[in-house]
Amino acid sequence: MTRRCFLIVNPTSGSYSQRTVDQIMAGLRERGLAPELMPTGSAADPALFAARLCAQHSDPLVIVAGGDGTVNGVLNGLVPGRATLGVVPLGTANVLARELGISSVADALDRLARGTTRPISVGEIERDGEKRRFLLMAGAGMDGAVVRGVRLSEKRVIGKGAYLLSALRVLLSWDRSELRVTGGGRSLSCHGVIVCNAAKYGGNFVLAPEADLFSPGFQVLCIEGGRLAYLKLGLMLLSGRGAPPSCVTSFAATELELSGDKAVQLDGDYFCCTPLHIRTLPELVRLVV
Ligand SMILES: Nc1ncnc2c1ncn2[C@@H]1O[C@H](COP(=O)(O)OP(=O)(O)OP(=O)(O)O)[C@@H](O)[C@H]1O
């Protein structure tokens, strides 16, 4: 029997093309699935579509053809325990796909056809009563500021290079303020923090080898110091060498309080500024792996 599924497509994702979407639809059909195409028309649609699917169907298979930002949107619309999530990488960085080891669109389709799933734990931010989930990471400090400063016009033309340009602007107008991170039995002051729910970051770079999508809790990286600290962290990522520099304090936590006034990015999209509260939500939905 063919299984019905829903393909939420972001036409503004980094590697979107109508031809690829046609191939994905055909590939799903060839593999015995019956896809329904749902192109988004705005940044609010991924969450709205996911919520609607959970309300109308029992355990819908919701497939995202897009990047990590669209997956994040869908994740925020899903009703806990009431859907299965799948991903076909069509974004710019595609960190989730890299985390799962998905090597191509065809590989993603084969996995969807196999249908092996595992429950994933996600993070949830709360600020002023507003809640938002994240799947991969929440960053407050330099990376939040860089993501906030990315100009869409630059991203359309140079893709990932837009992050580099934004990073240069952030480095030139450096914010020296600190934030306090409290959780996991610690309380420390630092310039920035990256709360990792997955090991990879910014592409195929391993930032938090102990973080695991499939178990509750985070690996928390607190960055102490100024621009040099981030340079060292960047070099560690680029060189692929595991040990974090001494300016980074790493620990495990399931709940955190962040103070200060720092830009926050969730799964690569700007969300808000600190202060805020973060907690883990164990086994929120099942993910096709
Ligand atoms: N139709 C749309 N118009 C404008 N923005 C959209 C639309 N659909 C989704 N979005 C938003 O676009 C943002 C970026 O999309 P997405 O993550 O898919 O691509 P990307 O940024 O190229 O990839 P990655 O996040 O992997 O680097 C997300 O925040 C998503 O919610």
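Sorted by class, the shell around the ligand holds four nonpolar, 16 polar and three charged residues. Here Ala, Val, Leu, Ile, Met, Phe, Trp, Tyr, Cys and Pro count as nonpolar, Asp, Glu, Lys and Arg as charged, and the others, Gly among them, as polar. Bear in mind that this is a predicted model: local features need pLDDT of at least 70, side-chain atom pairs count only at pLDDT 80 or more, and totals for chains, interfaces and linings use all residues. Residue numbers start from 1 along each chain as its sequence is written.

**Around the ligand**

- The shell has 23 residues, and Gly14, Gly66, Gly67, Gly69 and Gly91 come nearest to the ligand; a residue is near a molecule or strand if its C-beta atom, placed from the backbone, lies within 6 Å of it.
- Helices (H or I, at least four residues) and strands (E, at least two) are DSSP runs, numbered from the N terminus.
- Helix 3 gives the largest share of the shell, four residues.
- Helix 3 is also mostly covered, with 10 of its 10 residues buried. Buried takes 20 or more other C-beta atoms within 10 Å of a residue's own, exposed takes 12 or fewer, and partly exposed is in between, with C-beta atoms placed from the backbone.
- Among the buried residues of helix 3 are Asp68, Gly69, Val71, Asn72 and Leu75.

**Helix 2 against helix 3**

- The axes of helix 2 and helix 3 come within 7 Å and cross at roughly 40°. Axes are lines fitted to C-alpha atoms, for helices over the stretch in contact, and angles run from 0 to 180 degrees between N-to-C directions.
- Helix 2 and helix 3 are therefore oblique to each other: angles under 35 degrees count as roughly parallel, over 145 as roughly antiparallel, 65 to 115 as roughly perpendicular and the rest as oblique.
- Pro46, Ala47, Leu48, Phe49, Ala50 and Ala51 in helix 2 meet Thr70, Gly73, Val74, Asn76 and Gly77 in helix 3; contact takes C-beta atoms, placed from the backbone, within 7 Å.
- That contact of helix 2 with helix 3 splits into seven nonpolar, four polar and no charged residues.

**Helix 6 against helix 8**

- Helix 6 (residues 142–149) and helix 8 (residues 161–172) pack at about 120°, with axes 8 Å apart.
- That makes helix 6 oblique to helix 8.
- On the helix 6 side, Met142, Ala145, Val146 and Gly149 meet Tyr163, Ser166, Ala167, Arg169 and Val170 in helix 8.
- By class, the contact of helix 6 with helix 8 has six nonpolar, two polar and one charged residues.

- Most residues other than glycine have a negative phi, and most peptide bonds are trans.
- Asp59, though not a glycine, has a positive phi of about 45°. Asp59 sits in the loop between helix 2 and strand 3 (61–66), and counts as exposed with 12 C-beta neighbours inside 10 Å.
- Asp128 also has a positive phi, near 50°. You'll find Asp128 in the loop between strand 5 (117–127) and strand 6 (130–134), exposed with 7 other C-beta atoms within 10 Å.
- The Thr274 to Pro275 peptide bond is cis, with omega near 10°, and Pro275 lies in the loop between strand 17 (269–273) and strand 18 (276–288).

Key
Two residues are in contact if their C-beta atoms, placed from the backbone, lie within 7 Å.
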